[in-house]
Amino acid sequence: MGSVSHAAMISSSKLSYGGGISYNKYKNPQLRTSVVSLRNWRASSRNLGVLAAQIGNKEIDFSDPDWKTKYQRDFESRFNIPHITDVFPDADPIPSTFCLKMRTPVMEDFAGGYPSDEEWHGYINNNDRVLLKVIHYSSPTSAGAECIDPNCTWVEQWVHRAGPREKIYFKPEEVKAAIVTCGGLCPGLNDVIRQIVITLEIYGVKKIVGIPFGYRGFSDEGLSEMPLSRKVVQNVHLSGGSLLGVSRGGPSVSDIVDSMEERGINMLFVLGGNGTHAGANAIHDECRRRRMRVAVVGVPKTIDNDILMMDKTFGFDTAVEEAQRAINSAYIEAHSAYHGIGIVKLMGRNSGFIAMHASLASGQIDICLIPEVPFHLHGPLGVLRHLKFLIETKGSAVLCVAEGAGQVWPFDETEVEFPKFFVEKREEKNFLGRTNATDASGNTVLGDFGVHIQQEVSDCLYGGSS
């Protein structure tokens with residue numbers, strides 16, 4: 001009769017971990033409406049036009065004449081980046097040692113003894129901001145409208161501009177920097193490690209180490225830190241995986257900070273996802289509590305490309321390119337079989353950017369199912385009805401599904417108030433239910449939607465044959 005191709009289905013663990021998270025300040029547990037989920041919510045709420053606007057966990061009172069000012073003030077405070085002067089207000093800054101127009105030899109005639117024989121205008125002012133939203137929608141019904149209030153009032157939202165500063169607060173010769181990679185593998189990890197090391201050396205940092213196998217490397221006596229330098233990492237970007245190794249979970253925050261203090265680490269670069277950055281935020285807070293002069297820098301690791309303020313996250317392009325190989329295989333197998341249907345499951349726990357981009361790039365996908373968009377399986381407007389139509393008219397079909405499609409929702413509705421319409425939609429389209437199980441990184445363990453829809457297609461279209 002027909003066939004359901006599942007040979008081309010990719011487990012999320014084959015290519016990469018697909019979690020989504022931003023810099024730890026943006027992923028404070030109390031601010032879950034800020035970054036990743038907000039972008040997902042916006043992507044899934046375009047048909048609504050008007051967002052359920054909130055300040056923190058409180059709804060905005062639009063009858064208040066000062067609501068716009070309060071919203072902007074709250075937005076700025078939530079996206080404020082902590083600085084070492086918050087804890088040490090008397091910290092003395094020194095001229096930056098980062099300059100792309102460096103000259104040698106270093107002479108004491110130069111400011112601070114660092115090479116800078118001419119004024120360089122490549123630094124970023126601390127007060128520089130970037131406008132988050134650039135479109136002023138005149139109507140909530142405009143295509144892609146993302147409005148704060150029902151009148152679609154223009155509200156400026158500014159975020160910090162990235163780049164080197166003219167003044168720094170750590171003397172490079174006194175810095176011991178550590179790099180740690182946690183969670184799952186992601187394309188580009190070695191590239192990021194390499195660039196961090198090279199940039200630190202440009203600043204003049206000599207002591208750079210890698211912590212092996214995630215946070216576990218801080219407590220496991222059998223794991224020694226790895227000395228890093230430009231020579232060590234020069235060609236590491238040509239290899240996959242992580243030079244330092246990865247793992248989930250690890251020791252307590254107190255033990256990690258104890259280890260950092262014992263090793264003399266005063267600059268920590270953390271590459272990871274949700275759980276990793278929650279840990280980084282806790283490490284930062286513990287260092288502040290102990291009044292330790294330590295900088296914690298979070299580097300978001302998500303191939304899902306689902307972070308606000310970032311045009312593209314590392315690993316996303318690779319994931320999309322590799323996903324197309326599976327799509328091509330599924331297309332050939334489905335197209336070659338009588339009434340064949342190919343199903344490709346891709347990474348995407350809470351977002352469908354990989355599935356969507358891979359589907360558009362391949363040009364061979366008939367149906368793409370992602371977590372942001374509710375859908376029916378059965379009924380006159382259901383996926384199965386459309387599949388039957390495709391089989392009757394084309395003779396074959398290919399589906400691409402994100403791993404979280406049909407079973408997750410970007411927000412915890414106990415913390416955020418949502419339009420009733422979308423809450424009801426969520427309840428209707430959660431096909432596999434929500435488990436309370438979590439992995440070592442704290443991520444909810446999902447069901448296998450690829451297997452679920454394969455069985456549904458087999459039962460509905462082929463009477464249970466596969």
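Student: Is Glu286 buried or exposed?
Tutor: Glu286 is buried, with a relative accessible area of 12%. Buried means under 20% relative accessible area and exposed over 50%, with partly exposed in between (1.4 Å probe, protein chains only). This is a predicted model, in which local features need pLDDT of at least 70 and side-chain atom pairs count only at pLDDT 80 or more, while totals for chains, interfaces and linings use all residues. Residues are numbered from 1 along each chain as its sequence is written, and side-chain values use heavy atoms, with hydrogens and water left out.

Student: Which residue forms a salt bridge with Glu286?
Tutor: Arg290 does, and the closest N and O atoms are 2.8 Å apart. A salt bridge here is a side-chain nitrogen of Lys or Arg within 4 Å of a carboxyl oxygen of Asp or Glu.

Student: And what else does Arg290 meet in a salt bridge?
Tutor: The side chain of Asp258 meets that of Arg290, at 2.7 Å from N to O. Asp258 belongs to helix 6 and Arg290 to the loop between helix 7 (274–289) and strand 12, so this pair ties together parts that are 32 residues apart in sequence. Helices (H or I, at least four residues) and strands (E, at least two) are DSSP runs, numbered from the N terminus.

Student: How accessible are Asp258 and Arg290?
Tutor: Asp258 is partly exposed at 36% relative accessibility, and Arg290 is partly exposed at 24%.

Student: Which residues are linked in the network of salt bridges?
Tutor: The network links Asp258, Glu261, Glu286, Arg289 and Arg290. By this rule the count of salt bridges comes to 14.

Student: Back to helix 6. What does Val253 touch there?
Tutor: Val253 lies in helix 6, residues 253–263. Leaving aside neighbours within four places in sequence, Val253 is in contact (heavy atoms within 4.5 Å) with Ala282, Ile283 and Glu286. Val253 is partly exposed, with a relative accessible area of 27%.

Student: How far apart are Val253 and Gly279?
Tutor: From C-alpha to C-alpha they are 7.2 Å apart in space, although 26 residues separate them in sequence.

Student: New topic: which residue pairs with Lys345 in a salt bridge?
Tutor: Asp448, with N and O at 3.3 Å. Asp448 lies in the loop between helix 11 (420–428) and helix 12 (449–461), and Lys345 in strand 13, so the pair ties together parts that are 103 residues apart in sequence. Asp448 is partly exposed at 37%, whereas Lys345 counts as buried at 11%.

Student: How covered is strand 13 as a whole?
Tutor: Strand 13 (residues 340–346) has seven of its seven residues buried. One side carries Gly340, Gly342, Val344 and Leu346, and the other carries Ile341, Ile343 and Lys345.

Student: Which strand does it pair with, and in what sense?
Tutor: Strand 13 pairs with strand 15 (residues 397–402) in the parallel sense over six bridges. Two strands pair if DSSP finds at least two bridges between them. The bridge partner of Lys345 in strand 15 is Val401.

Student: What order do the strands take in the open sheet of five?
Tutor: The order is 10-9-8-11-12, with mixed pairing. Strand 10 (226–227) and strand 12 (295–300) are the edge strands, each pairing on one side only.

Student: How do strand 9 and strand 10 run?
Tutor: Strand 9 (residues 207–211) and strand 10 run antiparallel and are joined by two bridges. Val209 stands opposite Pro227 in strand 10.
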